Amino acid sequence: MSDVNAEISAVDHITNDQALLQIKDLHVWYELKRFGFGHAGYVRAVDNVRFVLEQGEAIACVGESGCGKSSLMKTILGLNIPTKGDVIFDNTSLSQTKGEDLRRYRSKIGYIQQDPFGALPPFMNVQSILEEPMIINGIKDKQERRRRIEKILEEVKLTPIEQVLPKFPHMLSGGQQQRVVIARAMIMEPKLLVADEPVSMLDASVRVEILRLLRKLQEEHHLAVLYITHDLSTVRYFSEYIFVMYAGQIVEFARMEDLLDNPKHPYTLALLEASSDPNADNALVQREIPKGEPPSLVNPPKGCRFHPRCPYMMEGICDVLEPPNIEVTPKHLVACWLYDEEKGHAI
Ligand code: SF4
């Protein structure tokens with residue numbers, strides 16, 4: 001994905017300096033050590049990823065387990081240091097930041113975890129859970145803490161407030177727990193929300209409500225949102241843009257409707273085939289799912305990383321050369337040789 005950032009910036013008429021979040025040539029590699037023998041290679045969890053996100057914009061990151069989306073997310077949250085490249089958030093370079101500045105960087109990003117019960121400390125009540133980030137971040141005024149708690153509980157619709165505040169996580173339903181997690185993520189009035197599979201552990205009946213709540217908060221607070229999921233059926237509710245990751249790299253980037261209605265990359269097609277279909281008439285339809293597993297990120301395949309599983313693989317091209325990033329239609333980028341004018345034959 002050599003020129004993703006440059007092309008996306010050109011498409012959207014934004015410069016890197018204007019975007020709230022800039023992911024620049026980001027590499028996140030984990031060193032492997034063999035006991036007694038030292039260095040034994042790297043796990044290339046994120047490999048040259050580039051994109052930008054503006055204030056007030058929502059973007060979805062989609063991919064299966066092990067594609068690198070969690071490492072990307074942790075790095076944006078300031079929990080990983082980039083191996084190479086950088087994350088620029090609100091004019092702060094993550095690779096140059098540490099100590100008190102790193103705490104300030106993290107305080108401007110709200111994090112919504114996948115498992116609300118696991119994310120909430122069982123020995124703290126809702127009041128303590130919501131006060132803790134403010135105490136850590138130096139908000140000493142009790143009235144100000146109370147004002148923020150009341151405001152956000154109203155917004156996430158956890159009322160009556162006096163009844164909610166003394167409750168412990170086990171006294172709340174799954175949907176209420178996730179509302180507390182969202183309230184905690186919002187309590188420091190962040191500029192960016194990172195939502196990691198925020199509805200995957202919830203009952204189907206509350207998923208849409210939680211997604212609508214997130215969308216409402218995003219619009220009312222003009223928040224940037226990175227929505228991470230493996231489930232393409234939920235992204236339509238949420239984002240203006242979407243990108244698909246495979247084996248540590250972005251393989252397709254487009255506006256939401258464009259990617260869902262007109263997917264180009266064979267891996268995106270496979271993901272869409274595998275996603276649930278609400279039409280009962282299609283319940284028994286056999287689906288074309290690519291064989292095999294995602295590759296090892298220690299020794300990823302040469303050329304296109306999807307080539308061992310791709311039904312359109314072109315020998316001598318896909319297994320040798322890394323595909324460039326090709327703009328197939330305005331605002332729609334795909335890393336696949338099929339769309340190369342000389343080598344490919346678009347599907
Ligand atoms: Fe398939 Fe080749 Fe495109 Fe990779 S570059 S997705 S192997 S056609």
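User: Where does Lys157 lie?

Analyst: Lys157 sits in the loop between helix 6 and helix 7. Helices here are DSSP runs of H or I with at least four residues, strands are E runs of at least two, and both are numbered from the N terminus. The model is predicted, so local features need pLDDT of at least 70 and side-chain atom pairs pLDDT 80 or more, while totals for chains, interfaces and linings use all residues. Residues are numbered from 1 along each chain as its sequence is written, and side-chain values use heavy atoms, without hydrogens and water.

User: Why does Lys157 count as exposed?

Analyst: Its relative accessibility is 53%. Exposed means over 50% relative accessible area, buried under 20%, and partly exposed in between, with a 1.4 Å probe and protein chains only. Lys157 therefore counts as exposed.

User: What makes the phi of Lys157 worth a remark?

Analyst: Phi is about 60°, a positive value, although Lys157 is not a glycine. Most residues other than glycine have a negative phi.

User: Which value does phi take at Asn91, and where is this residue?

Analyst: Phi of Asn91 is near 65°, again positive in a residue other than glycine. Asn91 is in the loop between strand 4 and strand 5. At 66% relative accessibility, Asn91 counts as exposed.

User: How do you know that the peptide bond from Thr159 to Pro160 is cis?

Analyst: Omega of that bond is near -5°. Most peptide bonds are trans. Pro160 is found in the loop between helix 6 (142–155) and helix 7 (161–164).

User: What makes Lys191 and Asp90 a salt bridge?

Analyst: Their side chains meet at 3.1 Å, N to O. The term asks for a side-chain nitrogen of Lys or Arg within 4 Å of a carboxyl oxygen of Asp or Glu. The pair therefore qualifies. A search of the whole structure finds 20 salt bridges.

User: Why can one say that Lys191 and Asp90 tie parts together?

Analyst: Lys191 lies in the loop between helix 8 and strand 7 (192–196), and Asp90 in the loop between strand 4 (84–89) and strand 5 (92–93), so the pair links parts 101 residues apart in sequence. Lys191 is partly exposed at 31% relative accessibility, whereas Asp90 is buried at 18%.

User: Why are helix 8 and helix 9 called roughly parallel?

Analyst: Helix 8 (residues 174–186) and helix 9 (residues 204–221) pack at about 20°, with their axes 11 Å apart. Helix 8 is roughly parallel to helix 9 because angles under 35 degrees get that name, with over 145 roughly antiparallel, 65 to 115 roughly perpendicular and the rest oblique. The axes are lines fitted to C-alpha atoms over the stretch in contact, and angles run from 0 to 180 degrees between N-to-C directions.

User: Which residues make the contact between these helices?

Analyst: Helix 8 supplies Gly175, Gln178, Arg179, Ile182 and Met186. Helix 9 supplies Glu209, Ile210, Leu213, Leu214, Leu217 and His221. Contact means heavy atoms within 4.5 Å. The contact residues divide into 6 nonpolar, 3 polar and 2 charged.

User: How do you know that Arg179 and Glu209 form a salt bridge?

Analyst: Their closest N and O atoms are 2.9 Å apart. Arg179 lies in helix 8 and Glu209 in helix 9, so the pair ties together parts 30 residues apart in sequence. Arg179 is buried, with a relative accessible area of 11%. Glu209 is partly exposed at 44%.

User: What ties Glu240 to Arg215?

Analyst: Their side chains meet in a salt bridge at 2.8 Å, N to O. Glu240 lies in the loop between helix 10 (232–235) and strand 9 (241–246), and Arg215 in helix 9, so parts 25 residues apart in sequence are joined. Arg215 is buried, with a relative accessible area of 19%.

User: Why does Thr229 count as buried?

Analyst: Its relative accessibility is 2%, so Thr229 falls in the buried class. Thr229 lies in strand 8 (residues 224–229). Beyond four places away in sequence, Thr229 touches Cys61, Val62, Gly63, Lys69, Glu197, Thr234 and Val235.

User: How many helices and strands are there, and what share of residues is buried?

Analyst: The protein has 12 helices and 12 strands. Of its 347 residues, 52% count as buried.

Conventions
Nonpolar A, V, L, I, M, F, W, Y, C, P; charged D, E, K, R; others polar.
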